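User: I have a structure open and want to go through it with you. Can we start with the overall numbers and then look at the aromatic rings?

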Amino acid sequence: MQWIIDYPYSFLSFFLCISLIAVIIKLSSSTSLQYTQRKALFTPAEKAFFTVLFSAIQAPAFNEKYLLFSKVRIADVLTPRNNLNRQQWQIAFNKISAKHFDFVL
């Protein structure tokens, strides 16, 4: 136990590593049952629409000025007005934070 006194940073590093391993094991065992990988990013209808929309913006009339993004969070495009108080702003933000646009041009 003398090494703990002689090398406190080594002991601290060792303790943190053991703690991190324990947390990783706990998280991996508890979350592995809660989530599963989706088979596709788009539904068949969304995929068909994406293909048509992408083809349309590739037309010479658009002059390659546009990009097509999918599954964009509304809060990444819009934000609540600045004149709201903190509580009102948070309420407005919460209404859009978990929603998304299928496509943004």
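**Surface, fold and rings**

Analyst: The accessible surface of the protein comes to about 9,400 Å², and 65% of that belongs to carbon and sulfur atoms. Keep in mind that this is a predicted model.

User: What share of the 105 residues is buried?

Analyst: Buried residues make up 10% of them.

User: And the secondary structure, how many helices and strands?

Analyst: There are 4 helices and 2 strands. Along the sequence the pattern reads α-α-α-β-α-β.

User: What fraction of the contacts with a separation of 6 or more is between residues 24 or more positions apart?

Analyst: Such pairs account for 62% of those contacts in the protein.

User: OK, rings now. How many aromatic pairs?

Analyst: The count comes to 6 aromatic pairs. One of them is phenylalanine 42 with phenylalanine 103, a tilted pair with 5.8 Å centre to centre and 40° between the planes.

User: Where do those two sit?

Analyst: Phenylalanine 42 is in the loop between helix H2 (8–31) and helix H3 (44–57), while phenylalanine 103 is in strand S2 (residues 100–104), so the pair ties together parts 61 residues apart in sequence.

User: Is phenylalanine 103 buried or exposed?

Analyst: Phenylalanine 103 is buried, at a relative accessible area of 18%, because the cut-off for buried is under 20%.

User: What about phenylalanine 49 and phenylalanine 103, how are their rings arranged?

Analyst: The centres are 5.6 Å apart and the planes are at 50°, so this pair is tilted. Phenylalanine 49 lies in helix H3 and phenylalanine 103 in strand S2, so the pair ties together parts that are 54 residues apart in sequence.

User: How exposed is phenylalanine 49?

Analyst: Phenylalanine 49 is partly exposed, with a relative accessible area of 46%.

User: Which residues do the ring pairs link into a cluster?

Analyst: The cluster consists of Phe42, Phe49, Phe50, Phe54 and Phe103.

User: Switching topic: helix H4. How many residues, and what does it span?

Analyst: Helix H4 (residues 86–97) has 12 residues and reaches 16 Å from its first C-alpha to its last. That is close to the 16 Å expected at 1.5 Å a residue.

User: Which side chain reaches a backbone nitrogen at the start of H4?

Analyst: Asparagine 85: one of its side-chain oxygens comes to within 3.0 Å of the backbone nitrogen of glutamine 87.

Definitions and conventions:
Residues are numbered from 1 along each chain as its sequence is written. This is a predicted model: local features need pLDDT of at least 70, side-chain atom pairs count only at pLDDT 80 or more; totals for chains, interfaces and linings use all residues. Side-chain values use heavy atoms; hydrogens and water are left out. Rings of Phe, Tyr and Trp (its six-membered ring) pair if their centres lie within 6.5 Å; planes under 30 degrees apart count as stacked, over 60 as edge-to-face and the rest as tilted. Buried means under 20% relative accessible area, exposed over 50%, partly exposed in between (1.4 Å probe, protein chains only). The expected span of a helix is 1.5 Å times one less than its number of residues. A polar contact is a pair of N or O atoms within 3.5 Å; within protein, one must be able to donate a hydrogen and the other to accept it, and residues adjacent in sequence count only if both atoms are side-chain atoms. Contact means heavy atoms within 4.5 Å. Accessible areas come from the Shrake-Rupley method with a 1.4 Å probe; for residues, only the protein chains shown count as cover.
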